[in-house]
Amino acid sequence: MQEALEAEFDTVAAWTERAVAELGSDHAIPAACRGSGRPADLAWLADGLELHDGDRFLDAGSGLGGPTAWLATEYSWRWRGPVVLAEPMVHAAAASVRLFGRPALAAWTEELPLRDDCVDAAWALGVLDTVPDKRAVLTELHRVLRPGARLGLLVLVARGERAAEMESNSFPTDVDLHRDLAATGFRVHDRIEAAALPDAPPEWTRRAEAVDEVVARDHADDPRWQQAEDQTRLLGGLLDSRDVVIVLLRCSAE
Ligand SMILES: C[S@@+](CC[C@H](N)C(=O)[O-])C[C@H]1O[C@@H](n2cnc3c(N)ncnc32)[C@H](O)[C@@H]1O
């Protein structure tokens, strides 16, 4: 599992950074939203964060940092504040610093090197379904969030038997996800399936695909590229068959 995680999130992150350098910085945000974010998903979650100027924001499991770069750009009219990205894959964390110039910690969300109650809003996008112990992640997020702080989640949930085919992930059921959130002190204010929101604009998709093509051109003969590609294809099939569904949640720490 660790090997698959590294191939998918660390190695590809380093390759993606190089492809963005070749194609131009306007490709950075779409390419660096790995596994989450289309703009409509990010906007729905961002609207639930209730950000105010000066708020301290945490992106847990930030990958290449694309979603937070999107947030800082699209929400600059309403919020500017300190940002911390926490991502356990060191190449991904370092690449996010170079791509977007924001501080990143190489840290697992189960053990954040942050003090209690020091975060005003956070999101974790596509992270919970990659960790076996969801309560450990949520408990730690609850510890660092101040009481009442908002948390946005993008979670891939299991709806069909085939969800178990993807051994690198452990997709929660809807019921388990809500139990885990309640047990760790979170209230869910709203939820929506990402499928109900608009697709990414064509230009966003075109840029993300252009980056993928450069990565494939340079690395398709690397077994790690094949491994990551297999993961992407398997997940795509599970999403098409709705054995796995993307759910967005607006929560608060009670
Ligand atoms: C699907 S990617 C999403 C990355 C980013 N949030 C985004 O939306 O672009 C999942 C991320 O979760 C990270 N991850 C996996 N296990 C984690 C953990 N225990 N704590 C924090 N992040 C974790 C992976 O390294 C990866 O970067």
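Predicted model: local features only at pLDDT ≥ 70, side-chain atom pairs only at ≥ 80, totals over all residues.
Residues are numbered from 1 along each chain as its sequence is written, and side-chain values use heavy atoms, with hydrogens and water left out.

Helices and strands here are DSSP runs numbered from the N terminus (helices: H or I, at least four residues; strands: E, at least two).

- Strand 4 covers residues 119-125, and seven of its seven residues are buried, so the rest of the structure largely encloses it. Buried means under 20% relative accessible area, exposed means over 50%, and partly exposed is in between (1.4 Å probe, protein chains only).
- Strand 1 (residues 57-60) runs parallel to strand 4, and three bridges join the two. Strands count as paired if DSSP finds at least two bridges between them.
- Strand 5 is also parallel to strand 4, with six bridges joining them.
- Trp 123 in strand 4 stands opposite Asp 59, and its bridge partner in strand 5 is Gly 152.
- Strand 4, helix 6 (residues 134-144) and strand 5 form a right-handed β-α-β unit. Right-handed means that, with the strands pointing away from the viewer, the path from the first strand over the helix to the second runs clockwise.

**Helix 3**

- Helix 3 (residues 39-47) is mostly covered, with seven of its nine residues buried.
- The buried ones are Pro 39, Ala 40, Asp 41, Leu 42, Trp 44, Leu 45 and Ala 46.
- What's covering them? Strand 4 is part of the answer, and the cover also includes helix 4 (66-74), strand 5 (145-158), strand 6 (186-193), helix 8 (202-219) and strand 7 (244-253).

**Pro 113**

- Pro 113 sits in the loop between strand 3 (104-105) and strand 4.
- Pro 113 counts as exposed because its relative accessibility is 55%.
- Neighbours within four places in sequence aside, Pro 113 is in contact (heavy atoms within 4.5 Å) with Leu 105 and Ala 107.
- Pro 113 and Asp 190 are 77 residues apart along the chain, and their C-alpha atoms are separated by 29 Å.

**Glu 229**

- You'll find Glu 229 in helix 9 (residues 223-240).
- Glu 229 and Glu 8 are 221 residues apart along the chain, yet their C-alpha atoms are separated by 8.1 Å.
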